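Hi everyone, thanks for coming. Today I'd like to walk you through one structure and look at the places where its parts meet. Here it is on the screen.

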There are 2 protein chains.
Amino acid sequence: MRNIRMIVSYDGTKYYGFQTQPIGNTIQDIIEHGLKILTGEEISITASGRTDAGVHARGQVINFITRSPIPIERWALALNSRLPKDIAVLTADEVPLNFHSSHFAKRKTYRYSIDTNKFADVFERHYRYHYPMPLLVSAMEEALSKVVGEHDFTSFASQRSTKPTHVRTILRASLEQSKGKIDILVTGNGFLYNMVRIIVGTLLWVGEGKLDVEDFERILKAKDRSAAGPTAMSHGLTLMEVEYDF
Amino acid sequence: MRNIRMIVSYDGTKYYGFQTQPIGNTIQDIIEHGLKILTGEEISITASGRTDAGVHARGQVINFITRSPIPIERWALALNSRLPKDIAVLTADEVPLNFHSSHFAKRKTYRYSIDTNKFADVFERHYRYHYPMPLLVSAMEEALSKVVGEHDFTSFASQRSTKPTHVRTILRASLEQSKGKIDILVTGNGFLYNMVRIIVGTLLWVGEGKLDVEDFERILKAKDRSAAGPTAMSHGLTLMEVEYDF
């Protein structure tokens, strides 16, 4: 038995999210189907976490147990040749049998991308939320800095969250802006359901002047989802990296 | 009567090229259909030049004659709301009635994009030719510099070209490289059919060491299409800009 870990990139545009669903057409279904063709085994993959419909990944991490003797350096190419072009394995390595890509994840980095130009860049229409408004970017940046540290993020979690605690630590949060395009990068030890998208939806209200930085801080402290802004569209979100201690 | 000029961007992935074809599904068909819905007129648009199936544009220029009284500042938004999301008007202005977007074009800039990484970036799979080979980039750069100036580009023109002369002037040609991705930018006073794609296909042979820079120069002087390399895939090509004197 071997435990294989892979870094996977995918364009989530046409999938119903990462996790298997009865209706099919998820990233997990497609990868498991590719693994079945490749190995003949019924393999169940585990990911660092789910991504919703429309959400992308540059550095999702998965792992799975297999009896296949395929040499480790051939896995990525062999599986890619059995996957559609919007899903790609970037690397594969062999890890201890107890490794679990979700339980062992130490840090994750998400990027949320916004296009504030009057007309959306057609080449990024599936990867960048078109929000054609003049935004107070420095206010957004200041509000964003308030999420860094350990907080109870209940205000920024979907009410469907079933986690026993909503306390998470954000290690870094930054905003880059160029030619009307904004990228928000957030690294944390864990994220609640819809957390980045609700933070961004609230930041956009700060950007529009509907809220100020003090309001944003007040919302964070309120531990009340209804105090925060809307959940920003899924297609602006990309899981960039998942970090492990090994 | 008014002559309206527009800068148009499009993702050419799912279209059969720019120019109207009996089978439909061209950029021209879609824009003319949008104009018909908007104005009620049967408008024929003229472009700076055709682009082939799969070729993209960030700065295609079109113009058309209309009787519509729509104020010039409203054209882009009004037409965009009647176009699919992979075609966008960026700007509109009113030009003299004799303006013709092809005849008056002074310079065009094309970009050809290559991904040499082992596994293609899924987010650029429609915009960057995946060519997973180690390439001698400085040799490619040197060969590319040889196209600058006035030359007979018969070696780099499709044999289907019907132009009376194949002499064109390339004003600038440059190559940028970052993280296994290469962008080749070429500006000229005019381009022959498939010219950039054949130049790139030949440069890739230089990159692989199948040809050296002297071979590339010899090919340029040969005025013989069969001396040059293959036509690089259409989806790596983007029309970036068309320049006019006014």
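I'll talk about two interfaces, one inside a chain and one between chains.

Please keep in mind that this is a predicted model.

Let's begin inside chain A. At the contact, domain 1 of chain A contributes 15 residues, and domain 2 of chain A contributes 15 residues.

Now, which residues of domain 1 of chain A lose the most area to domain 2 of chain A? They are A:Asp52, A:His56 and A:Arg58, and together they make up 40% of what that side buries.

Hold on to A:Asp52, please, as we meet that residue again. Between the two domains of chain A there is one salt bridge. A:Asp52 and A:Arg197 form a salt bridge through their side chains, at 3.3 Å from N to O. We also find 12 residue pairs in polar contact between domain 1 and domain 2 of chain A. Sorted by class, the side of domain 1 of chain A that touches domain 2 of chain A has eight polar, four nonpolar and three charged residues.

Let's move on to the interface between the chains. Here 24 residues of chain A and 24 residues of chain B take part in the contact. Chain A and chain B bury about 1800 Å² between them, and carbon and sulfur atoms give 64% of that.

How many salt bridges cross from chain A to chain B? There are four. As an example, the side chains of A:Asp11 and B:Arg125 meet in a salt bridge, 3.0 Å from N to O. The interface of chain A and chain B also has four residue pairs in polar contact.

Where on chain A do the touching residues sit? Strand E1 (2-10), strand E3 (56-66), helix H2 (75-80) and strand E4 (87-95) of chain A each supply at least two residues to the side that touches chain B. The largest share, four residues, comes from E4 of chain A. By class, this side of chain A has 13 nonpolar, eight charged and three polar residues.

That's my tour, and I'm happy to take questions.

Note on methods:
Residues are numbered from 1 along each chain as its sequence is written. Chains are lettered from A and ligands numbered from 1 in the order in which they are written. This is a predicted model: local features need pLDDT of at least 70, side-chain atom pairs count only at pLDDT 80 or more; totals for chains, interfaces and linings use all residues. Side-chain values use heavy atoms; hydrogens and water are left out. Contact means heavy atoms within 4.5 Å. Buried area is the accessible area (1.4 Å probe) that two parts lose on being put together, summed over both. A polar contact is a pair of N or O atoms within 3.5 Å; within protein, one must be able to donate a hydrogen and the other to accept it, and residues adjacent in sequence count only if both atoms are side-chain atoms. Ala, Val, Leu, Ile, Met, Phe, Trp, Tyr, Cys and Pro count as nonpolar, Asp, Glu, Lys and Arg as charged, and the others, Gly among them, as polar.
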